[in-house]
Amino acid sequence: MELAAQIASSGILMGFIFALIALGLTLIFGVMNIVNFAHGEFLMIGMYGAFLTSTLLSVEPLISLPIVAVVGFLLGITSYYLLIRYLLRGPMVAQLFGTFGLMLFLRYLVMFIMGPSPLAIHKGILIGKTVSLGWLIFDVGKLTAAGFSILLFMLIYWMIEKTKLGRALRATSIDAEAARYMGIDTEKMNAFAWGIGGATAAIAGGLLANFYYLTPTVGMLFVMIAFATVALGGFGSIRGAFLAGLIIGVIEMVAGQYLSQLKISFVYLAYFLVVVFRPRGLLGW
Amino acid sequence: MRAIVAVIKDTFSLADLPLSERIAFVAFLVFVFIFPWIVHSSYPRAVMINFLLFAMYGLGWNLIGGYGGQVDLGQAKNVGFGAYATALMITWWGVPFWVTVPVGIFIAVAESLAVAYPMFRLRGHYFAIATLCVALVWQQLFLFWDWTGGARGVELPIKPTPNFTFMEFGTVGYHYFIFGLFTAQFLFMNWLRKSKLGYELQAVRDNEDAAASLGINVTWTKVKAYLITAAMGAVGGSFYAVYHLYIDPRCVMHIDLTILIAMTAMVGGAGSIWGPIIGAALLIPLDMYLAALLGGKGFYGIDFIIYALIIMVIAAREPRGIWGIIERIRRKRLIHAAGGQKST
Amino acid sequence: MLLEVKNLHKEFGGVLANADISFELKAGEIVGLIGPNGAGKTTLFNCIAGYYKPTSGKVFFDGKDITGWPAHRVAKVGIARTFQVMKIMPTLTVEENIMIGAFCRTGDRQVARREAQKILELVDLMQEAKAYPPELPIAIQKRIELARALATRPKLLMLDEVAAGLNPLETKEIIQTLQKIKKERDLSLLLTEHVMEFIMTISERVIVMAAGRKIAEGVPGEVAKEKKVIEAYLGEKYAKGK
C-alpha cells in the first residue's frame, strides 16, 4: 500500500513535467497542424542552458530559468522563420523530415560542442534534497518542477482564453485563412506559438536538469513521451495534455517499478494503442 | 506464356527512360563491376560495399516511403529481423546462409502484417510516429533480451574464406555478393514500378479518395507495399550479419539506421528509381570519410550535422530531392524548347 | 433497374443531411440531381459511392445490395464518380492518371495503356497526354477526371458539378463530350449541378432536392414549373439577388 502510494505520487509528480513538455507540442500542433520532432531537443538545450549558466557563472540553477526560457523562445522563433514556414508550404513528408532534420541538427550540434558523455549539475538548492510527507518521500527538484508546470499551464491557459493575443492564436488555429482576412498576422502567430513551444520545453529542461543527467541524445526519449502524451490528450488540446501527462507519468513509473529497462516501451505502446483505438484522445470525444 | 515474357521484359527493360539515363546507369554498373580491379586498398572497397548496401536499403524503403508516400520510420526493425535471423541461426545451429534468408524475410513480413492493419488506420504524422514507436519497442526488446545476446550482440563464427555455405569472403567476394543482391533488388523494383501495384501506390500517395474511386483498395495497397519493403530490409540485414560477422541492436535495430535509410531515399529523390542510388552515393562516402577524417580527433556527430543541414534544405526547398531538381531543370528545358519551336 | 435508392437517411452528429431519399435510375438514363447549395446532393453522392455509410436505407445497384460498401468495391461493381472539388493525381501525367482508372479492370500495363489511349481520343485529350495536370487549365483538368472515371468501364457515371467553374463555351463542349461518350460507352449518367441551363439541357429526368429532402421529380420542363421547386430553388436565387 505504501509502495503503491509512493509509486503513484512519484508518477504523478513526473507526470506534471511530462505535461509541461507536451504543452508546447500540443500548442504548435493546434495552431498549424505540424508535429515537431525537434521538441525534445528544445528541452535538451534547456537542460544544457541550465547546466552552463549554473556551472560557468556558478549561479543557482533556478535563477538560470529565465535565461533558459528566453533562449528557448528565441530558438523556437528562429526555427520558425528559418525553416518551419518553408516546410508549411510543402507536403507532409517534407514537414516530417524537416523537423526531423532540425532535431538531428540541434542534437549533434550540442554533442559537437559539449561532447557525448553525460553531465550533471551538482550544486544548487534543489539538488539531492528530499522532503517527506508522512511516509511519502518526494524529491524537491521534482516537486518544484511540478509547481512550475502547474503555474505555466495556468499562465498559458489564461493567455489563450483571456487575452487578445490568445484570441488571435485561437482564430489562427481554427482557420488560418479566415484569420488572415480578419487582419491577423498569422505568420506572427505561428512564430509566436513556436516561441512559446520552445520556451516551455526549455523551461522543462531547465527544471529537469536539477534531477536528471544531461546527454545530447536525451531529447528523443522525451519527445516520444510527449507524443504519447499529446496523442492521449488529443492533438491540439491543452487541458488534454495536462491530464494525459499525469496518466503517462503513472504508467512510466509503474512500468519502471517492474520492468525498468523496458519502461519506455510501455509509453510507446500507450501511444500506439491510443492513436489506433482513440484517435481523438481522451478529451476529444 | 506471353504474360511471363512481359514480366521478364518489364524487369530488364529501361526503355521508358531517356537514353541519357540508360547510358549513365549502364556506365554505373560497369564501373561497380570493375571497381575491385582498379581499386586495391581496403577502405574505398569497404565504402563501395556500404554504398551498395545502403542503395539497396534505400530502394526498399523507397517503395513505401517514395512511391507510397507513407513515412515509415521503422525500417531498422526489418533489417534487424533479417540480421538476427541469420546471425542466430548460423551461430546456434550452423544453418546455411541461404536457408536463414527466407526465415528473416518471413519474420519481418509476419511482424509487419501484424502491425500493418492497425497502423494503416492512421495517416500522416500519426502513422510516422506509430512506426517509430513500434521500431523503438523492438530496439528496446533486443537490448533487453538475453537470448538474443542483449546489448553484447552476436558474434558469428569465422570460417576460412571463401565459404559459400555461410557466405563469408574477402572484400572482393563481398563486393560481388552485395552487387548481386543490389542488382536483383534493382531489377525487382524496376518491374514493380511499372506494375499495377506501382501505379496504384502512386495513386494512393497522390490522393486517397481519388484512388478509392478508381477501384483501388487503399489500405491493402499500402499494406502490400509495407510488406515488400519489410522483406527487402530483412535481406539487407542478412547480408550485414555475414559481412560484419558481428551484430548488436545498435547497428541493426537502431533508429539512426532508419534515419539513414530514409534519408538516402529522400535526399536522392523519393519516388524515383534513381533517387536512393544517388542519395546513397552522396551520403555514404560523405559519412564514412568524415568519420574517418574527424572521428579520431574527438569531433562527434559532425557527419550528422551535415546530414541534418542537407535534410532541412531539401525538405524546405525541394522535397523531391536531388532527382527532383534534375527533373525540374529538364522539364523547364523541355517547355522552353517547345515554346521556342512554336514561336518560330 | 440499374440504381435504386430506398429511404436513404444520413445524419452527421444529429444533423440530418439526407432524409428519406428514394429514387430509381434505369440503364441508359441521364438523371440530373438539382437543388440549392446545402441541399444534400454531394452527401447523397457520397452515400451511393461508398464515401459515407448511410445511417439507414438501402442502395441497390444492378440487383446487388451495395449499401455501406467501401468506395473501391463500389467502383469495381461499376459506379464511377468525379468530385466536386477536383482530386487529380498531380505527380502523374494525364495518361498515367487515366491508366490508373483502367487498372480497375486489368492487371496488364499494355492493356491499361491501350485503354487510356482510346479514352484520351474519346475525350479529346491526346495533346495533353504527357503533361502533368497542375500545368493545365481547369476545364482540361475536369476532362481528366471524367476520362479517368470512364477508364474504370463503369455502367453508371456520377458527375458532381462537372460544369462548375467553366465558361459557357467550355460548358457547351463538355455537354457534347458527355453525349458522345454516353453513346459510345453505353452509359447511364447521374449528375448534380446548380448551373440550371446545363442540367436542363442534358438530363432526361431531374430530381429536385432541398434541405436534405427530395421535393420533386420529373421531366425537366415540367419540374421547373412546379411551385415547390421555384420556391426552393429560384426563391433562394432571388433572395440572394436582393
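Predicted model: local features only at pLDDT ≥ 70, side-chain atom pairs only at ≥ 80, totals over all residues.

Let me start with a term. A residue is called buried when its relative accessible area is under 20%, exposed when it is over 50%, and partly exposed in between. Cys104 of chain C has a relative accessible area of 6%, so Cys104(C) is buried. Cys47(C) also counts as buried, because its relative accessibility is 2%. A search of the whole structure for disulfides, over all chains, returns zero.

I turn now to chain C as a whole. It contains nine helices and ten strands. How compact is chain C for its 242 residues? Its radius of gyration is 18 Å, close to the 18 Å that the globule rule gives, and therefore chain C is as compact as a globular protein of that length. The C-alpha trace of chain C spans about 50 × 40 × 35 Å along its principal axes. Of the 242 residues in chain C, 55% are buried. The accessible surface of chain C is about 10,500 Å², and carbon and sulfur atoms account for 53% of that area. As for contacts in chain C between residues at least 6 apart in sequence, 67% of them join residues at least 24 apart.

One open sheet of chain C has four strands, in the order β2-β1-β4-β5, with antiparallel pairing. Which strands stand at its edges? They are β2, residues 15-25, and β5, residues 64-65, of chain C; each has a single partner strand, so one side of each is left without a neighbour in the sheet.

Please look at strand β1 of chain C, which covers residues 3-12 and pairs with β2(C) in the antiparallel sense over seven bridges. Within this pair, Leu8(C) stands opposite Ile21(C) of β2(C), and Phe12(C) has Val15(C) in β2(C) as its bridge partner. The two strands β1(C) and β2(C) form a hairpin with two residues between them. In that turn, Gly13(C) has a positive phi of about 50°. β1(C) also runs antiparallel to β4(C), to which five bridges join it. Leu3(C) has Phe61(C) in β4(C) as its bridge partner.

A helix belongs in this picture as well. Helix α1 of chain C, residues 41-49, lies across β1, β2 and β4 of chain C, and runs at about 115° to β1(C).

The other open sheet I wish to show in chain C has six strands, in the order β6-β7-β8-β3-β9-β10, and its pairing is mixed. At its edges stand β6, residues 79-81, and β10, residues 213-218, of chain C; each has a single partner strand, so one side of each is left without a neighbour in the sheet. On average, neighbouring strands of this sheet are turned by 20° against each other, direction ignored.

Is the pairing of β3(C) with β9(C) parallel or antiparallel? Strand β3, residues 30-34, and strand β9, residues 205-210, of chain C pair in the parallel sense, over four bridges. Here Val31(C) has Arg205(C) in β9(C) as its bridge partner. Helix α5 of chain C, residues 138-151, lies across β6 and β7 of chain C and runs at about 160° to β7(C).

I now come to the other chains. Two pairs of chains touch, and the pair with the most contacts is that of chains A and B. Chain A and chain C are joined by no contact, and their closest C-alpha atoms lie 12 Å apart.

In chain A, Thr26(A) lies in helix α1, residues 2-32. Thr26(A) counts as buried, because its relative accessibility is 0%. Leaving aside residues up to four places away in sequence, the residues that Thr26(A) touches include Val230(A), Phe235(A), Ile238(A) and Ala241(A).

In chain B, Val5(B) lies in helix α1, residues 2-12. With a relative accessible area of 44%, Val5(B) is partly exposed. Val5(B) and Gly198(B) are 193 residues apart in sequence, and their C-alpha atoms are 19 Å apart in space.

That concludes the presentation. Thank you for your attention.

Methods: Residues numbered from 1 in each chain as written. Chains lettered and ligands numbered in written order. Heavy atoms only, no water. Pairing = 2+ DSSP bridges. Contact = heavy atoms within 4.5 Å. Axes fitted to C-alpha atoms, helices over the stretch in contact; angles between N-to-C directions. Rg over C-alpha atoms; globule rule 2.2 N^0.38 Å. Buried < 20%, exposed > 50% of the residue type's maximum accessible area, 1.4 Å probe, protein only. Areas by Shrake-Rupley, 256 points an atom, 1.4 Å probe, with all protein chains shown as cover. Disulfide = S-S within 2.5 Å.
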